[in-house]
Amino acid sequence: MAWQDRLQSCVYTSPSGAEFTLQYEDVRRKLKKKTTVFEFVSSNDVYVQDNFAGAKAYPMSVYFSGEDHDTQANEFFESLSEQGAGKLQHPIYGLLTVNATDDIEQVDRLKTGANQSAFTITFIETITDLYPSAQ
C-alpha cells in the first residue's frame with residue numbers, strides 16, 4: 001500500500017461538536033523534549049538529564065475554498081475560540097485530542113487565491129484529565 005492510500009481526511013471537531021473538513025497543504029509535527037544540559041567547570045564532560053517527551057505540536061496550513069468558503073471559515077474561526085479540547089483527525093498522524101494554541105491567523109484570499117480562506121494554526125496534543133497518572 002502506497003503512502004497516498006494511507007492518507008486520511010483532515011477533520012476538526014470542536015469542543016461543542018461542530019465538524020469541519022479541512023483542505024490542507026504540507027503537514028509537519030514537532031516534539032519538545034524535556035531535557036536539561038549540565039556542563040561542568042574544569043571538564044569537557046556534559047550530562048543531559050532526560051525527563052521524557054514534552055508537547056507534541058502539529059502546525060498546519062488549512063483552507064476553505066468555493067462559493068461558501070467565507071461562511072465556513074467564519075464558523076471555523078469561532079469554533080477555534082471555544083474553551084476545551086477538540087478532536088483532529090490528522091491526515092497522517094491519526095486521531096488526536098488537541099487545543100489550538102498561540103496565534104491563529106485567518107487570511108481571506110478574495111483576489112489572489114480564487115476565493116479561499118486560509119488558516120495558520122498550531123494544534124498541541126493534550127490530555128483531558130488535569131492530573132496525569134505516572135507511566
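Figure 1. At 44% relative accessibility, Asp50 counts as partly exposed, a class that lies between buried (under 20% relative accessible area) and exposed (over 50%), computed with a 1.4 Å probe on protein chains only. Lys33, at 41% relative accessibility, also counts as partly exposed. The side chains of these two residues meet in a salt bridge, 3.2 Å from N to O; the term denotes a side-chain nitrogen of Lys or Arg within 4 Å of a carboxyl oxygen of Asp or Glu. Because Lys33 lies in strand β3 (residues 30-39) and Asp50 in strand β4, the pair ties together parts that are 17 residues apart in sequence. Helices (H or I, at least four residues) and strands (E, at least two) are DSSP runs, numbered from the N terminus. A search of the whole structure finds 1 salt bridge.

The model is predicted: local features need pLDDT of at least 70, side-chain atom pairs count only at pLDDT 80 or more, and totals for chains, interfaces and linings use all residues. Residues are numbered from 1 along each chain as its sequence is written, and side-chain values use heavy atoms, with hydrogens and water left out.

**Figure 2. Strand β5 and its pairing partners.** Two strands are said to pair if DSSP finds at least two bridges between them. Strand β1 (residues 10-13) pairs with β5 in the antiparallel sense over 3 bridges, and Thr13 stands opposite Lys87 of β5. Strand β6 (residues 94-109) also runs antiparallel to β5, joined by 5 bridges. Here Lys87 stands opposite Thr97. With 3 residues between them, β5 and β6 form a hairpin.

**Figure 3. The largest nonpolar core.** A nonpolar core is a set of buried Ala, Val, Leu, Ile, Met, Phe, Trp, Tyr and Cys residues joined through side-chain atoms within 4.5 Å. The largest one has 17 residues, of which Tyr12, Leu22, Phe76, Leu88 and Phe123 touch the most other members. Elements giving two or more residues to this core include β2 (19-24), α2 (69-80) and β7 (116-125). Its largest share, 4 residues, comes from β4. Beyond its neighbours within four places in sequence, Leu22 is in contact (heavy atoms within 4.5 Å) with Cys10, Tyr12, Val62, Tyr63, Phe64 and Phe76.

**Figure 4. The surroundings of His69.** His69 is found in helix α2 and counts as buried, at 5% relative accessibility. Not counting residues up to four places away in sequence, His69 touches Phe64, Leu110, Asn115, Gln116 and Ser117.
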